[in-house]
Amino acid sequence: MKIYIRFLFYMFLLFFIDNVVNAQPDSTVYFSEDFETGVQPQGWQEEYAKGYVDWKYQNGGGQRDINEITTRTPYPAHGGKFNALFEYSSLKHEATKLVTRPIDLSGASKPLLKFYYAQVKRCLDAQGQNCANDELRIYYKKTLNSAWIKLDSAIYDTPVDSAGYGLWQLKTIQLNDFSGTFYLAFEGKTNLGWGTCLDDIKIIE
């Protein structure tokens, strides 16, 4: 009987540790966007930095075969059926900022920006030579009328791929110095790649 009671005590202790002591509180989500409406999110806007190329919303990246959706690189979107895509076959380096709605970080102490992106290189020959990829940069500002400030830790000018096929990569940026209301801008830049893709953007704590 004592052994049985001791067994029950240990089982209860393990349950307590697993479900109470080790339990993690839910993160506070200050901002979230998954692009699942299939159009530009409400409250967002675009700013042309060079040329007039728009962001698109589709399932995956640039398409190798116009008749086959699964040839998009990458395919599919990271989550759901839509992601944001900046892609245009050009060597003129067009660039457009995709600007968020106002983000309020009042009360946040250590907010963290998380997002998934893909940026696959396009090669002009079968040997995988003469390749190029598009680029992504992230900016911020406090008001719509103030100047954009580049996040030095958020310059992505190298490809994200493996054997020519795109992979979604998670990126995280600590926003410790951010407070109150501000805007983020994800600037895509053309360079003959298969596009810059964004998906599942969050700011949490």
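View A. Glu-33 is buried, with a relative accessible area of 11% (buried means under 20% relative accessible area, exposed over 50%, partly exposed in between; 1.4 Å probe, protein chains only). Arg-101, at a relative accessible area of 25%, is partly exposed. The two residues form a salt bridge whose closest N and O atoms are 3.4 Å apart (a side-chain nitrogen of Lys or Arg within 4 Å of a carboxyl oxygen of Asp or Glu). Because Arg-101 lies in the loop between strand S7 (95-99) and strand S8 (103-104), and Glu-33 in strand S1 (residues 29-33), the pair ties together parts 68 residues apart in sequence. Helices (H or I, at least four residues) and strands (E, at least two) are DSSP runs, numbered from the N terminus. The model is predicted: local features need pLDDT of at least 70, and side-chain atom pairs count only at pLDDT 80 or more, whereas totals for chains, interfaces and linings use all residues. Residues are numbered from 1 along each chain as its sequence is written, and side-chain values use heavy atoms, with hydrogens and water left out.

**View B. The salt bridge between Lys-141 and Glu-47.** The closest N and O atoms of this pair are 3.7 Å apart. Lys-141 belongs to strand S12 (residues 135-141) and Glu-47 to strand S2 (residues 45-50), 94 residues apart. Lys-141 is buried at 3% relative accessible area, while Glu-47 is partly exposed at 25%.

**View C. The salt bridge between Lys-97 and Glu-187.** Here the closest N and O atoms are 2.7 Å apart. Lys-97 in strand S7 is linked to Glu-187 in strand S17 (residues 181-189), 90 residues away. Both Lys-97 and Glu-187 are buried.

**View D. A network of salt bridges.** Lys-56, Glu-87 and Arg-122 are linked in this network. The model contains six salt bridges by the stated rule.
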